[in-house]
Amino acid sequence: MTVRVVIMGCGRVGASLADAMQGRGHTVSVIDKSAEAFARLSPGFNGTTTVGMGFDRDILTRAGIEAADAFAAVSSGDNSNIVAARVARETFGVERVVARIYDARRAQVYARLGIPTVATVPWTTERFVAELDEDVDAVAWRDPSGSVDLIQLDIDESWIGVSVAKFSEETGCQVVFLNRVGRPILPEPRTALQDDDLVYVAVRSADRAAVRATAAAPRPAHD
């Protein structure tokens, strides 16, 4: 599904995010207060650019916010990002909104406002893509070397009742924790998977697609 996304800020992260979203076939509009910032976009970028302050309603309107499915505020200022994110959510009704933050202590404050935040870490761009694009193979965390991922798995109902140890063995991952009825659980090897568990696992990045496919498929018959 094509997503129409508006991005405020065309620094390193904003330009990378714009190119990544366009590469996934989405329609992208970028706002920055400096026209020179758009030089960071790749030569193949074919979206639109708007010069101005991204929390200004008129600028947002010119950038296409009224038809946007998603909005990302990734400028260099926490305050500007959260104001812009709130305007996009509360004034224009954009459903998927995310803001970059530098001060991680503010994350809980923003969460209470219903605004997901992403801190300045090496996997910022991938995390933003995951927040904005509902079809992406989302990674919750990636180690700095890029070799191990933490992901949430969708599991077939045939895995219900299988122990964590057996599930890990047969899928090729390591169960890290479960979210059961809204409560996190650190499982023991004998803990059995239950219906509606959210299953979070550590997996080698190269094996991520294979693990997802195995977990989502019916469990092979066992004697």
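Tutor: Gladly! Buried means under 20% relative accessible area, exposed means over 50%, and partly exposed lies in between (1.4 Å probe, protein chains only). This is a predicted model, where local features need pLDDT of at least 70 and side-chain atom pairs count only at pLDDT 80 or more, while totals for chains, interfaces and linings use all residues. Residues are numbered from 1 along each chain as its sequence is written, and side-chain values use heavy atoms, leaving out hydrogens and water.

Student: Why is Val83 called partly exposed?

Tutor: Val83 has a relative accessible area of 40%, which is between 20% and 50%, so the label is partly exposed.

Student: What makes the pair of Trp159 and Phe167 edge-to-face?

Tutor: Rings of Phe, Tyr and Trp (its six-membered ring) pair if their centres lie within 6.5 Å; planes under 30 degrees apart count as stacked, over 60 as edge-to-face and the rest as tilted. The centres of Trp159 and Phe167 are 5.1 Å apart and the planes stand at 85°, so this pair is edge-to-face. Both residues are buried.

Student: And why is the pair of Phe177 and Tyr200 called stacked?

Tutor: Here the ring centres are 4.5 Å apart and the planes of Phe177 and Tyr200 are at 10°, which is under 30 degrees, so the pair is stacked.

Student: How do you know whether Tyr200 is buried or exposed?

Tutor: Tyr200 has 17% relative accessibility, under the 20% limit, so Tyr200 counts as buried. Phe177, at 22%, counts as partly exposed.
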